Amino acid sequence: MISPVVLWTDALVFTLVGVAVVFGLYARRREHLREPWRRVARSPKGVSAGTVLAAFVAIGLLDSLHFHPRLEGAEAGGSAEHYSTEVASVFDLLVWPLRERVEKTYSAPFATHAYAKETIDLGGGRQAREYPRLVHGGAHLSDAGTRGADIALRSLAGLGAGIALWLALVGLFVAVPAARRGERFGRLWRALWAGHWQWPWRTFLVTAGVLLTLVTLGVTLAGTYHVLGTDKVGQDVLYQALKSVRTGLVIGTVSTLVMLPFAIALGISAGYFRGLVDDVVQYLYTTLSSIPGVLLIAAAVLMLQVYVANHPDDFESLAESADLRLLFLSIILGVTSWTGLARLLRAETLKLSQVEFVLAAQALGVAGGRILVRHILPNVMHIVLITVVLDFSGLVLAEAVLSYVSIGVDPTTISWGNMINSARLELAREPVVWWSLAAAFFFMFSLVLSANLFADVVRDAFDPRLRGSERPA
Amino acid sequence: MTASPRALLEVRDLRVSLSVPGGTVRAVDGVDLTVMPGETHAILGESGCGKSMTALSILRLLPAAGRVVDGSVRLDGTDLLRLPEDAMRAVRGRRVAMIFQEPQSSLNPVLTVGDQIAEGVRRHQGLSRRAALRRAVELLEAVGIPDPSRRASEYPHQLSGGMKQRVMIATALAGEPDLLIADEPTTALDVTIQAQVLELLDQLRRERGMAVLLITHDLGVVAESAQRVAVMYAGQVVEEGVTADLFARPLHPYTRKLFAALPAVGKRGGALEVIPGTVPSLTAHVPGCRFAPRCDQAWALCRAAAPGWHPLGRGQGVRCHLYAEGRDRARSLPPGPAVVPASMAVPRDVTPTPLLRVRGLQVHFPIRRGLLQRVVGQVRAVDGVDLDLAAGRTLALVGESGCGKTTVGHAVLQLLRPTAGSVRFDGEELTRLSGPRLRQRRRELQIVFQDPYASMNPRMLVGDIVEEGMLAQGTLPDRTARRSRVADLLAQVGLDPGATDRYPHEFSGGQRQRVAIARALAVEPRLVVCDEPTSALDVSVQAQILNLLRNLQDHLGLAYLFITHNLAVVEYLAHEVAVMYLGRIVERGPVGAVLRGPAHPYTRALLSAVPVPDPAGGRAVIHLEGELPSPSQPPRGCHFHPRCPEARDLCRESYPETVGVGTGHRVACHLHPPS
């Protein structure tokens, strides 16, 4: 029926999900790992930021299930089904209208007419220069003058649907425990809003409610309008902004996946074995961190560009070559960013290897590698976790900057960096096209802000110094 | 405890609560104290009894979680708890000063010592900067720091621990306070330095008429320096009195148990008295006496009603139902602490086939300096040590911190590779072993560390911790057999088998030390290096661990290399003793001979400096001048001569030979020339 495509980054993204699930199962049985996460779940800030992050991750994951869409008009070819060479994702299916409803060129948010005047043939040799109606945006309106009322009506409908769905969700959240514990619905409901529940469900539900309403608003409005306008080639900007979520997430997480093995293995073995190993690792990371990262990235990306240009037959579709470049960018970002974590881990391991429980393990005759895995690694894991969460937002921002100077992702990949890059020209024209930049900014801002807030909470939860007095005075 | 009109400090019914995640801890629950001007009043108690909280609430310096719930603290009649914060700042330092246990963290590392003292002087006396610095130098002189004007311009890291504590005292003196609160002022210091600091405090008290509130867990320190003492247990004062009376006739069952739990020579051979159970959790309200669950004289009333305070004359009082009005006090006063007859102390006469033979052991650490990390010198941490230890015997290695005794322990186990010398274990040279052969040998040599908090991986379950050695050694490959062995081991060290599925942080210090011992025993060692295993523990817990160690030795024939600075423990447990000074052994021999007839002046000074829990002892402390020199530049000649009261010219020129002065008793000192 469909022909799935597994791109390199898809495979890595789902590997990462698998690693996270395994780690979750592992942490469930380990009190020292479970407790800090419980602390995160108890913090309203963490829950709120986490909910927003989860929404972004859901978009990113749906957008990572790729396939070749079937060609509708190819029945003439006989029994064999024909597939497009284009690659689409499950997420594209959900927002198919956004993907397909392409205008000729720029149009402002909620516009019914194009942004630039065109010469229109009125028939009979007469021509006029005016703003033409858009092909899709507001096309259902016979009279463009009723646009305001239509938007208001549809917003109300979206708002209503959002609130109704949300109330149903909250009702479910209260009704299930009420039925299970045999308590009165009203009492639990009041307790929830008074904040008497053990976990900050209230915060979660409010955040989820806001997101839900945004989605229903999107459904009612984006079906008939270009909510965030269209870009130079007439593509919906909302669609681009949503598709960019995956690019940002891939950069943020795959780079981490690449960086972690280097940082952990080299960092803790340098700290534990010292001597020659330490010298080599230190040499490696001081050298690497004294090369400007941007130069290294530029060199790697340009080399790859040349390779792709010279071997066009190796790639089935444009998406594949673009994906390779995205992967390559993630790898090179990972390679240039492991030094910081390795340095931290080396220092912490140096300290830990003098602690008595490590000496005791040595005295028991435990072999070096086993000491690293059983004694050192679990005791530096909190540093790894904090670094990963903190680095994530930095990597998302790095993608935007690199794409802006054209050494980032492939120009055909939809990313916030590319959107900002094209905005360079849009801001220079008159009248200004501001919505691409605004959309990229808004989406990137909400992802990075929620990631930063979440990182803050995670760091506080894992920082042993903030854990209060553990030993009695 | 009637209020006296001339009392300097009167604490009445002080209640302090600490909020913790699980609820509220009543850290201090109705404490009364009276401190007279010019006297040293001690608060004695084990960790967690609320003695530090009492002291901190006098100065209103409680941690953020703490709160004074009720009570009054009157200094010369003014209630400090009701003063505005502004006025309180004038009291701190000016009227009441405080010194802490860790001189290291009490001094700011980026300011010179002189500046830090001058800061206090300027605030309290409003002097100019120059005058304040002059005053700082005077204060440094007053606390006995040699060459005070040079020291005033030095930074804290350039001073030794004892010196820093003197600086802290000088800082406290800057405001010329009427009351000095000293919170465990000597716990972090060596005995010889401790003796110096206690002497200094006493001298300052006499000269300045300053009162001292001394907080300590050490019975010996109390006996040496306090006129009055209050014993605290679980947030309450359970007994108070004049030091001499209280030590001669302790009344409260807890106090009596504390004395009985102290290791001493008279108790050799027998088991030490222990206090069963642990300090109760202070979160719950206890209706009865807080000591009742651990008291062997408790009866129904003790569990039902909290005992009141019963004054018994001569300023002594006790919180115990045994001493209530109407009870026959004569009957309720048992004779002093039970002493196990010395005849029981039969030293096990094992034929001394040396299990461990150390010859000429040296561990040097290179000092690297400069751009190219050239070696510019050596820290001679261990510089030629000979030891012999037979199976089933205990050799105590005694010395002050920095003398290299821990390094010896690590070098014996090959946790540190010795620079030179030989370590033969059961006839095999360990220093030449490496890789898998060394790892295999390790099962016969184990170690128990000092800090029960650092010695266990906080991320592992107790069962996994104990099991680790068996896994590494490949003994008992079967999982069920291993698990049952772990349960046996835990039972052997007196822990519930349910402990396997818990994390180390759920246990108290003493219990953790038991786990550490179980971990060492898991691989069936023949020699265990005990590196100060009891010095982080309270007296009553220390007794439990010492009993356990002795018991294990009797049953398993273990040999112990017992590294310690506590001579009372040595007397109780060891068969032989070796005294270390600056990387070398200055005297060694059987315990009786060395401790009863010390031949080396350093051993004599060390023995005399140990505070004895007997105020009537009247012994003469030999005060050692100065402190341990740096092992990177040991003094020429005998290492001890700069501090030795009996040093002669010869001592400055050559290191003395080791000579025998009795059966197995050898000493390296020019006072005992080779014949």
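Domain bounds, as used here, come from an automatic or database domain assignment. For chain B of this predicted model, that assignment gives domain 1 (9–95 + 177–332), domain 2 (110–174) and domain 3 (355–612 + 619–668). Residues are numbered from 1 along each chain as its sequence is written, and chains are lettered from A in the order in which they are written. Local features need pLDDT of at least 70, side-chain atom pairs count only at pLDDT 80 or more, totals for chains, interfaces and linings use all residues, and side-chain values use heavy atoms, with hydrogens and water left out.

The C-alpha centres of domain 1 of chain B and domain 2 of chain B lie 31 Å apart, and their contact (heavy atoms within 4.5 Å) takes 15 residues from domain 1 of chain B and 11 residues from domain 2 of chain B. Between them these two domains bury about 1,100 Å², 66% of it on carbon and sulfur atoms, where buried area is the accessible area (1.4 Å probe) that two parts lose on being put together, summed over both. On the side of domain 1 of chain B that touches domain 2 of chain B, helix H8 (residues 191–208) of chain B gives the most, with seven residues; helices here are DSSP runs (H or I, at least four residues), numbered from the N terminus.

As for confidence, pLDDT is the predictor's confidence in each residue, from 0 to 100, and its mean over chain B is 85, with 94% of the residues reaching 70 or more. Over residues 335–350 of chain B, however, the pLDDT is below 50. Where pLDDT is low, the predicted coordinates should not be read in detail.

How values were computed. Helix = DSSP H or I, 4+ residues; strand = E, 2+ residues; numbered from the N terminus.
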